[in-house]
Amino acid sequence: MPGGRLTQQERQQIALGLADGLAYAEIARRLDRPTSTITREVMRNGGPTTYRADLAHRATERRAHRRRQAAPRGSQAPEQAHGRDAEAVREYEEAWTTLLMQQGLPKMMSRVLTCLYTTDAGSLTASELVQRLQVSPASISKSVTFLEGQGLIRRERDEGRRERYVVDNDVWYQGMIASARSTAQLAETARQGVGVLGPDTPAATRLENIARFIDFVAESMTRAAEQARDVLYAKPEATSGGPAEPGSDR
């Protein structure tokens with residue numbers, strides 16, 4: 001975490017802020033911390049309604065103790081590919097997991113999806129996920145079944161006939177299109193209210209304006225997703241003279 005680990009006093013301030021109904025951003029501002037740090041702290045310790053500073057502090061100490069016990073004595077963290085900082089990678093994975101949980105995904109499913117997102121291959125076997133996440137095979141099986149059912153991952157067989165779980169880039173496009181369709185349904189429902197409440201009434205005018213706004217947003221989302229779809233499959237350009245300047249012709 002930027003600025004070091006949260007102290008017990010800071011956790012108490014977080015608990016007080018939550019009790020006062022403050023937003024994560026405001027709590028972060030008062031503690032001079034990134035909003036993501038506060039969000040991750042709260043979400044991994046019960047959420048805003050059940051967060052307790054003392055329990056959160058003890059839980060953090062237990063996690064740190066387990067990590068020290070898990071590492072062989074005298075050894076360092078496993079070397080990361082491409083010279084990555086292992087601690088920075090772990091913090092980033094926690095941030096991704098927290099974000100997915102905020103979107104409504106269960107914690108274990110969020111961890112599995114984050115693991116797949118952040119691996120270079122974009123795919124892992126069940127045993128690789130078990131090893132990386134240090135959980136039971138049953139937890140992985142349940143998670144991948146759920147994620148596949150939601151269209152967030154897919155299964156495939158490698159040359160050794162092992163089943164691999166893959167994150168497909170196109171899921172972002174499909175998700176945006178599905179979101180646009182769901183949003184459009186809100187507009188349709190709002191317009192139904194115009195007839196029910198009577199034309200030219202204040203309530204009907206409000207609903208019609210809402211429907212027009214939602215229509216515009218949904219159409220813009222669909223158009224933007226279709227125009228940007230190829231970006232999901234863009235490859236880094238191989239250059240001999242360094243990176244290209246923005247707007248330059250190659």
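Helices (H or I, at least four residues) and strands (E, at least two) are DSSP runs, numbered from the N terminus. On that basis, the secondary structure of the chain comes to 10 helices and three strands. The model is predicted: local features need pLDDT of at least 70, side-chain atom pairs count only at pLDDT 80 or more, and totals for chains, interfaces and linings use all residues. Residues are numbered from 1 along each chain as its sequence is written, and side-chain values use heavy atoms, with hydrogens and water left out.

**Overall fold**

- Along the sequence, the elements follow the pattern α-α-α-α-α-α-β-α-α-β-β-α-α.
- Of the 250 residues of the chain, 31% count as buried (buried means under 20% relative accessible area, exposed over 50%, partly exposed in between, with a 1.4 Å probe and protein chains only).
- Contact means heavy atoms within 4.5 Å; among contacts between residues at least 6 apart in sequence, 53% join residues at least 24 apart.

**Helices α3 and α5**

- The axes of helix α3 (residues 35-43) and helix α5 (residues 86-102) come within 9 Å and cross at roughly 70 degrees (axes are lines fitted to C-alpha atoms, for helices over the stretch in contact, and angles run from 0 to 180 degrees between N-to-C directions).
- The two helices, α3 and α5, are therefore roughly perpendicular to each other (angles under 35 degrees count as roughly parallel, over 145 as roughly antiparallel, 65 to 115 as roughly perpendicular and the rest as oblique).
- Helix α3 contributes Thr-39, Arg-40 and Met-43 to the contact, and α5 contributes Glu-91, Glu-94, Ala-95, Thr-98, Met-101 and Gln-102.

**Thr-39 in the helix contact**

- Thr-39 lies in helix α3 and is buried, with a relative accessible area of 9%.
- Leaving aside neighbours within four places in sequence, Thr-39 is in contact with Tyr-24, Thr-98 and Gln-102.

**Strand pairing**

- Two strands pair if DSSP finds at least two bridges between them.
- Strand β1 (residues 123-125) pairs with strand β3 (residues 163-166) in the antiparallel sense over three bridges, and Leu-124 stands opposite Tyr-165 in β3.
- Strand β2 (residues 154-157) also pairs with β3 in the antiparallel sense, over four bridges, and Glu-156 stands opposite Arg-164 in β3.
- A hairpin is formed by β2 and β3, with five residues between them, and Arg-161 in the turn has a positive phi of about 65 degrees.
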